[in-house]
Amino acid sequence: MAININNLNNNSQVNRNVQQQSDTKNQAAKNATTNSQATKVAQDSVSLTPQAKQLNEIQKKNGDAPEVNQKKIEQLKKAIQSGAYKVDAEKLAESIVKFEFDLI
């Protein structure tokens, strides 16, 4: 190995070191940008089940429903307590069946 006594090649050695450091920094910046872009591409996603969609629709319909008629409720309570309210079993069964089929 030759020793450079006069430092003739020292300037080129410094330039090479500076260039290597610059290349290393550029590569690190490029890797950081690539990693940043990779994380931007990976996004979270949410999907709703059919049951959740159905519940959302029911809640919307419920919000559009008319307010409770308190006067009618009081009349029905009095009729039930006095025994004057009669239940039509066939009409009740039809309503239950219709409700069940609407859920499907």
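Which residues line the largest pocket? The legends below take up this question after an overview of the chain.

**View 1. Overview of the predicted chain.** This is a predicted model, in which local features need pLDDT of at least 70, side-chain atom pairs count only at pLDDT 80 or more, and totals for chains, interfaces and linings use all residues. Residues are numbered from 1 along each chain as its sequence is written, and side-chain values use heavy atoms, with hydrogens and water left out. The chain holds four helices and zero strands (DSSP runs of H or I with at least four residues, and of E with at least two).

**View 2. Helix α2, residues 50-64.**

**View 3. The largest pocket and its lining.** The lining consists of Gln-54, Glu-57, Ile-58, Lys-61, Asn-62, Lys-98, Phe-99, Asp-102 and Leu-103. A pocket is an open set of points on a 1 Å grid where a 1.4 Å probe fits, with protein on both sides within 12 Å along at least five of seven lines, and lining residues have an atom within 4 Å of a point. Its volume, the space filled by probe spheres set on the points, is about 210 Å³. The elements giving two or more residues to this lining are α2 and α4 (89-103), and α2 gives the most, with five.

Key: The expected span of a helix is 1.5 Å times one less than its number of residues.
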